[in-house]
Every structure is written in structure tokens, then in C-alpha cells.
Amino acid sequence: VYVNGEWIDAGQPAVRVEDRGFQLGDGVYEVIRTYRGRPFALDRHLARLRRSAGAIELDMPLGEADLRDLVYEAMARCGAPGEMQVYIQLTRGPAPRTHAFPAASRPTLVVYACPLPPADPAQAEAGGAAILLPDERWLRCDIKSTCLLYNVLAKERAHRAGAVEAILVREGFGVTEGASTNVFGGRGGRVITAPRGRYILSGVTRDILLELAREAGIPVEERPWTAEELLACDEVFLTGTTTEVFPVVRIDDRPVGTGRPGPVVGRLRSLFLANVERYLDRG
Ligand code: PLP
């Protein structure tokens, strides 16, 4: 594990109790995955990390080239034979506990890689269930913040209901995203997803999928949409770094469309997997 300039064993204590990331959730993060042992869309993830850090007035302690090197070094040190995920976290660092920024603190930068268990292709073929929950998060979901409490509770509710994801619906806005994924609907060959902005995390997978869909001539609507529209879709699917492109076949107790993954998600999933190579390394 890389912690502020040093590599230490993963089991060793590394971060102080008074780290503001630990006590206050005062930090941001990224998760990057590999395909064929190479990081996927690395520059997009690092750009988003910089945006998230900027949004909470935190300076990145390292430049892009050094961060990229760290990611590759973390992967080499992990040395897993299969795919890996790389976790990067930047916090405002250790300081006596107060809410306002401390006069002096040194950010804590942590980077490590660990094995990514292979996804079961049969599961992605079959799809999974989702539940609907009110989106009760704060209003800056575009920041990839380590404050994930509502996302954690929502995902737990989904798992207890036998579902893979909680799809969140913001009062007065509509469907936003999943607890750890972006959400798409398909109807009449068109694809709908919530627009970028403060209500969603602009997923790297989301953005790449939209690019691929447009290239393939599949009409895409990035606009607010309601839970009623979602439930009327023939197809619903999720995107995310480790989720890839994953069909939702039930929402609460109702089947989505025929209750089986449909043609649009099948096509987009294949397009995504066929184009992974284009986005490897810096992307
Ligand atoms: N939305 C939320 C709330 C997430 O936490 C994530 C990823 O963790 C995503 C969407 C998907 O983003 P990405 O495709 O960049 O992994």
C-alpha cells in the first residue's frame, strides 16, 4: 500500500486515527480496474479524481504522470495473475478534530491494488433484480466522495431484498443512479439516462457507453426521467467500473419488459466488451 511516499505492507497501520478521512469522511477516491492486466481509462479516472479533489478544495499532491506511475507500481506490487482493481484515496489528512479546515494539514494519499474476482458471465447474461429507494443523499453526487453512508445503506437494503442494486429516485428530479452504478433505460430502441450534473456521479463507464452507443447510431437521451418512465421501459441496465454493463430484469416485484435481458443491453454490453482495448492504459 502506498501512503504518502512510502510503500508499506497492507496489514500495517498506516493512517492516523485523527485522519480527516477516517473521522469526517473528508476525502475523495477512485476505483480503476484492469483488463488483460492493463488499467482501463486511467486518464479519465485521474481527471475525475482531480475534479473531485478540486471541488472540496484539496490540492492533488502529485501530478498526472506521477499518479499514473503509482497506479502501475501498485499493480506490479500486487502482482495478481488475473485482473486487479486499483483504489486511490485522497483525504485532508491528520489534524486535531474540528469541522473547518485545519490551518495546516498534509493530505493523505493512499494507492493500492488488489485482485478483482472474475465476473460470472452467466450472471451478466441472466441479469439481476433492483429495488427502488428515495435518493436521500446530499446534492453534490458529482463529487466522488468517501462519504458513502447512504450508498452503503441503500446497497444493504438491496442485498437484503435479494437484489443487486438500489435505484435511487430524487424527489422533484427523478431517477438518478444506483448506489454504486449509473442507471439506463431502453424503450423503442432508444436509451435514456439521467444527465450529468450534481445529482449523479458521471461514471467513466457511463460516458464510454454513451460514446459507443452514439457511434453505433443508437439514439441516446440524457435527460431527467421519472420512476414511472423507468418502470415502463422494455429494458433497464446498470454501468460501473466493476459492474460493466449489467441488465436489470426485475424492479421491486415487477419484471422489466419480458423479465429477461433485452436486445439493446445485449448489444451495448457486447459493444463495450469489444471496445475495451481502445480504452486501456491512458484510454
Ligand atoms: N455512481 C456511483 C454512485 C458510483 O459510486 C459509481 C462507481 O463507483 C458509479 C456511478 C459508476 O462510475 P464508474 O463507471 O466510473 O465506475
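Okay, hi everyone. Before we start, keep in mind that this is a predicted model.

Let's begin with helix H6, residues 204–215.

Now, is H6 mostly tucked away or out in the open? Of its 12 residues, 9 are buried, so the rest of the structure largely encloses this helix. Among those buried residues are Val-204, Ile-208, Leu-209 and Leu-212, but you'll also find Arg-206 and Asp-207 on the list. After H6 comes Gly-217, which has a positive phi, near 80 degrees.

Next up, helix H5, which covers residues 149–160 and includes Leu-149. Leu-149 is exposed, because its relative accessible area is 62%, and the cut-off for exposed is over 50%. Together with Val-152 and Leu-153, Leu-149 makes a nonpolar surface patch of about 310 Å². Here's a handy bit of background: an α-helix has 3.6 residues a turn, so residues three or four places apart point the same way.

Last topic: cysteines. How many disulfides does the count give? It comes to 0. Take Cys-78: the nearest cysteine sulfur belongs to Cys-114, and it's 6.6 Å away. To count as a disulfide, the sulfur atoms would need to be within 2.5 Å, so at 6.6 Å the Cys-114 sulfur is too far from Cys-78 for a bond.

Definitions and conventions:
Residues numbered from 1 in each chain as written. Predicted model: local features only at pLDDT ≥ 70, side-chain atom pairs only at ≥ 80, totals over all residues. Heavy atoms only, no water. Patch = residues over 30% accessible without salt bridge, like charges linked within 9 Å, V, L, I, M, F, W, Y side chains within 5 Å. Areas by Shrake-Rupley, 256 points an atom, 1.4 Å probe, with all protein chains shown as cover. Salt bridge = Lys/Arg side-chain N within 4 Å of Asp/Glu carboxyl O. Helix = DSSP H or I, 4+ residues; strand = E, 2+ residues; numbered from the N terminus. Buried < 20%, exposed > 50% of the residue type's maximum accessible area, 1.4 Å probe, protein only. Expected span 1.5 Å × (residues − 1).
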